[in-house]
Amino acid sequence: AYAVQRVYQIDKKIMGGKGDQEFLERSFHKLLVNFTWWVNQKDSDGKNIFEGGFLGLDNISVIDRSHAHHYKGKLEQADATSWMAMFSLNMMRISLDLCEFNKTYQFTAMKFLEHFLHIAGAMNNISEENISLWNEEENFFFDIFHLPGKEPKVMKLKSIVGIIPLFAVESIRVDMFDSLPEFKERLDFFLKEKPKLAALVSSWIQPGFEKRRLFALLRGHRMKSILNKMLDPQEFLSDYGVRSLSKFHLKKPYSVRLNGDQLTVRYTPGESDSLMFGGNSNWRGPIWFPINHLIIESLRKFDYYYGGEFSIEYPTGSGNYMTMDLIAKELSLRCIKIFLKDKDGNRPVYGHYKKMQEDPHFKDHILFYEYFHGDNGRGIGASHQTGWTGLVAEMIYKYYKPATKTPEDVDSIFRI
């Protein structure tokens with residue numbers, strides 16, 4: 001849904017403000033089927049808390065998340081639930097865009113917004129049992145493992161799972177609401193009827209820059225807490241992007257005992273030391289481009305709402321404060337740095353591979369590895385992941401500054 005929305009917006013801009021209605025509407029109805037499948041299949045108890053399994057994050061947890069039943073329990077996942085919150089907001093936004101052609105989509109927009117609000121409420125109070133995926137002690141989101149007849153176990157592993165709630169964000173211009181009176185009326189009624197729920201996720205009452213409105217799982221204290229960890233070099237922030245697991249777990253591995261098995265996860269920035277999923281991929285420390293891209297896009301959405309009026313410390317502990325948009329730029333440059341030559345003429349992506357660094361037949365032919373070492377940026381895994389690592393091209397496109405002087409000019413190639 002996110003990809004459909006972005007492709008539509010990019011194409012609309014290229015076409016001078018005329019959107020491709022047929023593409024958007026056809027895609028929306030196919031996505032509607034997929035959304036319904038998730039609601040029916042992965043929220044088995046109807047609590048708006050989703051399971052989902054490994055979700056492409058292979059060994060991110062202490063257990064294989066697709067086989068939690070092996071430990072005779074059920075795993076309620078912060079990331080699966082956050083993806084569904086993001087999915088709901090994406091579908092709401094697509095519905096609002098379709099209202100340009102057919103005002104009937106106001107009602108689907110409201111339906112998806114209600115889905116989002118109920119998911120947000122459930123994340124804070126699962127089944128009204130005062131169990132939350134947000135942990136006040138650690139100020140982070142964690143998965144929760146339920147064992148029959150026992151207290152729920154909070155899986156306090158600081159991974160990208162706890163950052164994914166950042167992706168559920170959408171900022172809307174007030175004029176869009178003004179052109180959709182039925183949507184606005186229904187929204188006002190819902191927010192008045194459920195003020196506590198609305199306060200968790202929205203800045204509807206508090207307009208941002210140019211009266212924009214914000215819907216997000218994270219705002220205020222929680223957003224700052226997660227960003228403080230994400231932008232901390234001792235935790236998630238690498239010289240080459242955001243790590244998939246906090247470096248905190250290098251010296252303090254996370255361990256838990258389940259059904260007699262002692263399970264441990266430690267920060268592993270390079271190749272996997274686990275046989276889970278064949279051991280050919282690793283989410284316990286390396287940098288992955290699709291996640292970094294979504295982090296960057298989410299920061300830009302927050303900045304669109306705040307209009308450059310909100311700053312946060314970057315890096316954490318430095319005393320230096322930047323706007324969300326500038327932090328998004330800095331993270332982009334860290335990711336791009338993986339492929340750029342350093343002062344010695346070497347590219348971090350090729351690490352200690354002398355042939356790739358020096359051989360004229362290889363050194364300038366860039367490979368798009370699957371993921372990258374969390375400390376030195378070396379490429380790991382499949383070397384042809386152009387599908388997602390190719391996102392670096394979008395980052396370069398946004399900040400590249402064409403040469404205006406001579407090829408020998410050593411000024412920064414990136415826009416300020």
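**Contacts, strand pairing and aromatic pairs in the predicted model**

Among the contacts in the chain with a separation of 6 or more, 64% are made by residues 24 or more positions apart. The structure is a predicted model. The chain has 416 residues, of which 52% count as buried. Its accessible surface amounts to about 19,600 Å², and carbon and sulfur atoms contribute 53% of that area. The secondary structure consists of 13 helices and 15 strands.

Strand β10, residues 254–258, runs antiparallel to strand β11, residues 261–265, and the two are joined over 5 bridges. Tyr254 has Val265 of β11 as its bridge partner. The two strands, β10 and β11, make up a hairpin with 2 residues between them. In the turn, Asn259 adopts a positive phi of about 50 degrees.

Aromatic side chains form 18 pairs in the structure. In one of these, the rings of Phe140 and Phe142 are tilted, with 55 degrees between the planes and 5.5 Å from centre to centre.

A second tilted pair consists of Phe339 and Phe368, whose ring centres are 6.0 Å apart and whose planes make an angle of 45 degrees. This pair links distant parts of the chain, its members being 29 residues apart. Phe339 belongs to the loop between α11 (324–337) and α12 (354–358), whereas Phe368 belongs to the loop between α12 and β14 (371–372). Phe339 has a relative accessible area of 9% and is therefore buried, the limit for that class being under 20%. Phe368, with a relative accessible area of 24%, is partly exposed.

Two lysines are placed over aromatic rings. Lys158 lies over the face of Phe248, at a distance of 3.9 Å from the ring centre. The charged end of Lys398 sits over the ring of Tyr399, with 5.9 Å to the centre of that ring. The value for Lys398 and Tyr399 meets the distance criterion, which requires the charge to be within 6 Å of the ring centre.

Note on methods: Residues are numbered from 1 along each chain as its sequence is written. This is a predicted model: local features need pLDDT of at least 70, side-chain atom pairs count only at pLDDT 80 or more; totals for chains, interfaces and linings use all residues. Side-chain values use heavy atoms; hydrogens and water are left out. Helices (H or I, at least four residues) and strands (E, at least two) are DSSP runs, numbered from the N terminus. Buried means under 20% relative accessible area, exposed over 50%, partly exposed in between (1.4 Å probe, protein chains only). Contact means heavy atoms within 4.5 Å. Accessible areas come from the Shrake-Rupley method with a 1.4 Å probe; for residues, only the protein chains shown count as cover. Two strands pair if DSSP finds at least two bridges between them. Rings of Phe, Tyr and Trp (its six-membered ring) pair if their centres lie within 6.5 Å; planes under 30 degrees apart count as stacked, over 60 as edge-to-face and the rest as tilted. A charge sits over a ring if NZ of Lys or CZ of Arg is within 6 Å of the ring centre and within 35 degrees of the ring normal.
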